[in-house]
Amino acid sequence: MTDVLSDEIARFVRAVGPQPDETLIEMDEYAAAEGFPHVGPEVGGFLRLLARLTDAERVFEFGSGYGYSAYWFAEALPADGEIVLTEVDEAELDLAREYMAAGGYDGIATYELGDAMDAIGRFDGPFDVVLIDHQKTRYADAFEAVRDEIQIGGVVVADNAITASVVEFDDLLAWADGDAVETNDHTQGVIDYLETVQADPAFETVVVPLGEGITVSYRVE
């Protein structure tokens, strides 16, 4: 797997970014102990900043795991805001409830057990921030399902835009260089997503090299 940031740079970014509270430190320790993939504090702090910059009131997550990214988002939301967590694993969603409650954010959190693609159909927009972090093969479908619910000035963020245990960066780079690529389904899912957001005139997209790489697509019209 490609290292997006060197250990030294990652440590520096972490040191100058927002500092995690005791609950986030516990969540990081849980991820390390269990080998659970999560966005990490570098991306977490950036997600919180995005929520602040967009004056976010409502956030939707396609894939929430044990609530790590949701917890980072939550501090930036108003007391009457809402963040929707979706997760297919009941034990992970229960753990997310515990962590969100520990931080005092349970009152703004809505928990949806099951497929995020089904859950989004039960919510009306607009949303200010959407995070896509579930099966890579469904990233483009998730964007299509939610794009009309993003208000102008809102953002869609997708994780693993550069790498992951199942994403091949060499193939992503070859695609970006204009070469024909035959790759695994997960990498192809990321490619399909990038092609989808790049082709959408209502969104402006950049890749941010933090964590395992994230795309930020800003709704301009």
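Two strands count as paired if DSSP finds at least two bridges between them. With that in hand, welcome to this predicted model.

**Strand S4 and its partners**

- On one pairing, S4 runs parallel to strand S1 (residues 58-62), and 4 bridges join the two.
- Within that pairing, Phe60 has Val130 of S4 as its bridge partner.
- S4 also pairs in the parallel sense with strand S5 (residues 150-159), here over 5 bridges.
- Leu131 stands opposite Val157 of S5.

**Helix H8, side by side**

- Leu172, Ala174 and Trp175 are the residues to look for on the buried side of H8, as each of them is buried.
- These residues span an arc of only 160° around the axis, which places them on the same side of H8.
- Turn to the face of H8 that points away from the buried side, and you will find Asp170 and Ala176, which are exposed.
- As a reminder, an α-helix has 3.6 residues a turn, so residues three or four places apart point the same way.

**The largest pocket**

- The largest pocket holds about 1,200 Å³ of space.
- Its lining is made up of 46 residues, and Pro37, His38, Val39, Asp159 and Glu212 lie nearest the centre of the pocket.
- Helix H1 (7-16), helix H3 (40-53), helix H4 (68-74) and strand S2 (82-87) are the elements that each give two or more residues to this lining.
- Sorted by class, the lining of the largest pocket comprises 14 nonpolar, 19 polar and 13 charged residues.

**The second largest pocket**

- About 210 Å³ of space lies in the second largest pocket.
- Residues that line the second largest pocket include Ala161, Phe169, Leu172, Trp175, Leu194, Gln198 and Val206.
- Two or more lining residues come from each of helix H8 (169-176), helix H9 (185-199) and strand S6 (203-208).
- H8 gives the most to this lining, with 5 residues.
- The lining of the second largest pocket has 10 nonpolar and 2 polar residues, with no charged ones.
- Leu172 and Trp175 link two topics here: both are buried in H8, and both line the second largest pocket.

Conventions:
Residues are numbered from 1 along each chain as its sequence is written. This is a predicted model: local features need pLDDT of at least 70, side-chain atom pairs count only at pLDDT 80 or more; totals for chains, interfaces and linings use all residues. Side-chain values use heavy atoms; hydrogens and water are left out. On a 1 Å grid over the protein atoms alone, a cavity is a set of points where a 1.4 Å probe fits but cannot get out, and a pocket is an open set with protein on both sides within 12 Å along at least five of seven lines; lining residues have an atom within 4 Å of a point. Grid points are joined across faces, edges and corners, and a volume is the space filled by probe spheres set on the points. Ala, Val, Leu, Ile, Met, Phe, Trp, Tyr, Cys and Pro count as nonpolar, Asp, Glu, Lys and Arg as charged, and the others, Gly among them, as polar. Buried means under 20% relative accessible area, exposed over 50%, partly exposed in between (1.4 Å probe, protein chains only). The arc is that of the directions from the helix axis to the C-beta atoms.
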